[in-house]
Amino acid sequence: MRRRNLSLVLHAVAGHGEISRAAVAAEVGLTRAAVSTLVEELLSLGLLAEAGLTRPGTVGRPGTALVLSDRGPAGLGAEVGVDHLAACVVDLRGKVRASAYAEAPNRDHPPERVLADLAGLVVRVAREGAAAGLRPVGITVAVPGLVGRDPGTVERASNLGWEQVPAGPLLTAALADAEPPAGTPAGTPADDPSGDPSHAPSAGPPSSAGRLSGLPIGLDNEANLGALAELWLGGHDRGLRHFLHVSAEIGIGAALVVEGRLFRGAHGHAGELGHVPVRPAGPACPCGARGCLEQYAGEEAVLRAAGLDPARAAAEHPGPGGRVRLLAERAGTDPAVRRALHRAGSALGLALSGAVNVFDPQKVVLGGGLAELSPWLLPGIESELRRRVTDRHWPDGAVAVSSVGREGPLLGAANSIVRSVLDDPTSVRPREEPS
């Protein structure tokens with residue numbers, strides 16, 4: 001009961017940004033005395049802060065405004081992409097306080113090497129966060145593959161060449177190697193075994209959270225985390241509780257949000273839209289099937305259909321977004337690019353129509369590279385949906401473009417830690433007072 005009540009108070013403050021104790025009591029249905037006791041505990045945990053006086057608009061003394069703390073417990077998100085790595089720290093308000101990015105050709109590279117490079121970025125942002133008074137209380141990693149019921153194992157990531165990779169334990173070990181030894185003086189950077197200065201931890205004070213390798217580490221599919229970022233940060237009407245989020249880079253992923261919660265399926269594999277066959281006799285897919293959606297609407301497939309060589313495009317436009325920007329730039333003047341994008345949109349609409357007919361979402365939200373290419377994809381998507389969603393009217397505007405975009409998986413990863421704190425404030429240890 002105490003844990004539930006602490007969470008109620010914390011969520012009430014999070015929902016308003018700034019609110020008095022009396023207003024919290026009225027919202028959560030507890031007495032003012034009970035709320036005051038709970039608030040004092042949350043203040044002692046470093047989860048709340050006081051922000052001056054607020055007037056209730058009625059006769060009476062002004063109250064002290066409560067806000068989520070912008071110091072202390074924080075979320076740390078990381079991302080493994082096919083061609084990049086990223087990490088960030090967000091405070092309890094969801095604001096990004098430190099971030100790092102590195103181009104990295106991760107396809108078919110040993111997982112140990114990829115995760116060692118990622119560990120360098122994680123240490124770097126954690127140290128930058130520590131300089132701002134933040135201490136991560138957990139790490140979530142977004143990966144372009146299937147994560148089953150074991151939250152530490154990537155079961156399959158075809159575009160990385162990973163099968164049954166214990167990524168959680170490997171990252172824990174890599175963090176232990178990447179962190180400075182215990183007792184390293186502040187401002188002394190750790191050695192960077194990768195030799196890439198973009199991966200080297202920046203100098204600064206050691207994290208007040210202690211060893212990062214001791215933090216809980218979770219993994220999740222990038223599409224799932226992109227959908228959660230859309231739910232939490234996308235700025236949609238609060239009535240949007242059922243939606244299908246679809247995003248694409250090299251591959252295509254989707255995630256279904258039902259009643260404001262992520263639907264994972266019996267084995268945690270829900271949302272593999274990219275491997276829905278749209279042409280059963282079509283080209284072979286790395287997953288082992290034929291005619292998968294990715295072979296028509298994935299980034300490389302669209303480049304080939306437009307007469308562009310994917311390898312050359314990757315070399316000339318490296319990093320996530322480079323090839324998408326190339327397609328967007330050429331779509332205005334090159335009919336072959338426009339045809340390829342329309343073909344991709346039609347394939348997406350064909351696959352999405354099945355999902356819409358089965359799950360009946362309020363909206364379909366396009367994220368990642370799809371959001372940036374939406375002007376050319378939407379006509380084909382909406383045409384197929386109008387033709388194939390026949391049991392009910394498919395309204396205009398029911399396909400929305402993400403406001404979170406390409407940053408969704410990383411922001412979803414970091415904010416998943418924040419949400420876990422809001423849901424269970426007792427999981428946070430009391431802050432350490434300076435001696």
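## Aromatic pair

The structure, a predicted model, contains 1 aromatic pair, where rings of Phe, Tyr and Trp (its six-membered ring) pair if their centres lie within 6.5 Å. The ring centres of Phe-263 and Phe-359 are 6.3 Å apart and the planes meet at 50 degrees, so the pair is tilted; planes under 30 degrees apart would count as stacked and over 60 as edge-to-face. Phe-263 belongs to strand S14 (residues 261-263) and Phe-359 to helix H11 (residues 335-359), so the pair ties together parts 96 residues apart in sequence. Helices (H or I, at least four residues) and strands (E, at least two) are DSSP runs, numbered from the N terminus.

Phe-263 is partly exposed at 40% relative accessibility, and Phe-359 is partly exposed at 43%. Partly exposed lies between buried (under 20% relative accessible area) and exposed (over 50%), with a 1.4 Å probe and protein chains only.

## Strand S4 and its partners

All 9 of the 9 residues of strand S4 (residues 72-80) are buried, so the rest of the structure largely encloses this strand. Two strands pair if DSSP finds at least two bridges between them. S4 runs parallel to strand S7 (residues 134-143), joined by 7 bridges, and Pro-73 has Arg-135 as its bridge partner in S7.

With strand S5 (residues 84-90), S4 pairs in the antiparallel sense over 6 bridges. Glu-79 has Ala-86 as its bridge partner in S5, and 3 residues lie between S4 and S5 in the hairpin they form.

## Basis

Residues are numbered from 1 along each chain as its sequence is written. Local features need pLDDT of at least 70, side-chain atom pairs count only at pLDDT 80 or more, totals for chains, interfaces and linings use all residues, and side-chain values use heavy atoms, with hydrogens and water left out.
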